[in-house]
Amino acid sequence: MVVTYLEKIRDKYLEERIDISAKLNETLVLQKENVEFIKLLEQNNDSNFEAFSPRTINSFNKTKIVELKEEQKVLENNISNLKSDLEMVEKEIEEVSLVIKEAKEKLK
């Protein structure tokens, strides 16, 4: 009975680990996409051309680069939080698995 309860708890932690891992992977992919998009925008931004033009050129690109860099800071924070959450869940899974193993040995 206790073992069954502990196994249910472990299963919940396993599901949580899967969810956190999926969120972490999505965030990492988004971060990589942002880095590549920033590079692309910076390549298209010709500062030499702007120096000789009386108009502001590529203001959208500059604005978008700033937005993406701010988003990168948020993503880095999210990644850090997700990694710590994942470590905590992994630790809980190990502890519950150890208790389950000990409980099964006592029942024998």
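Student: At what angle do H1 and helix H3 pack, and how far apart are their axes?

Tutor: Please note at the outset that this is a predicted model. As a general idea, two packed helices are described by the angle between their axes and by the distance between those axes. In this case, H1 and H3 (residues 59-107) pack at an angle of about 160°, and their axes are 7 Å apart. Angles over 145 degrees count as roughly antiparallel, and H1 and H3 are therefore roughly antiparallel to each other. H1 passes H3 in a left-handed crossing.

Student: Which kinds of residues make up the contact of H1 with H3?

Tutor: The residues of that contact divide into 26 nonpolar, 9 polar and 15 charged.

Student: How many helices and strands does the protein chain have?

Tutor: The protein chain has 3 helices and 0 strands, and from the N terminus on its elements run α-α-α. Among contacts in the chain with a separation of 6 or more, 83% are between residues 24 or more positions apart.

Student: Which residues form the largest nonpolar core?

Tutor: In soluble globular proteins, nonpolar side chains tend to be buried together. Here the largest nonpolar core has 7 residues, namely Ile20, Leu24, Ile79, Leu82, Leu86, Val89 and Ile93. H1 and H3 are the elements that give two or more residues to this core, and the largest share, 5 residues, comes from H3. Apart from this core lies another, of 5 residues, among them Val3, Val96, Ile100 and Ala103. As for the chain overall, buried residues make up 23% of its 108 residues.

Student: With which residues is Ile93 in contact, leaving aside its neighbours within four places in sequence?

Tutor: With those neighbours left aside, Ile93 is in contact with Arg10, Tyr13, Leu14 and Arg17.

Student: Is Glu26 buried or exposed?

Tutor: The cut-off for exposed is over 50% relative accessible area. Glu26, found in helix H1, has a relative accessible area of 57% and is therefore exposed. Glu26 and Ile79 are 53 residues apart in sequence, while their C-alpha atoms are 9.8 Å apart in space.

Note on methods
Residues numbered from 1 in each chain as written. Predicted model: local features only at pLDDT ≥ 70, side-chain atom pairs only at ≥ 80, totals over all residues. Heavy atoms only, no water. Axes fitted to C-alpha atoms, helices over the stretch in contact; angles between N-to-C directions. Helix = DSSP H or I, 4+ residues; strand = E, 2+ residues; numbered from the N terminus. Parallel < 35°, antiparallel > 145°, perpendicular 65-115°, else oblique. Left-handed = near helix turned anticlockwise from the far one by under 90°. Nonpolar A, V, L, I, M, F, W, Y, C, P; charged D, E, K, R; others polar. Core = buried A, V, L, I, M, F, W, Y, C linked by side-chain atoms within 4.5 Å. Buried < 20%, exposed > 50% of the residue type's maximum accessible area, 1.4 Å probe, protein only. Contact = heavy atoms within 4.5 Å.
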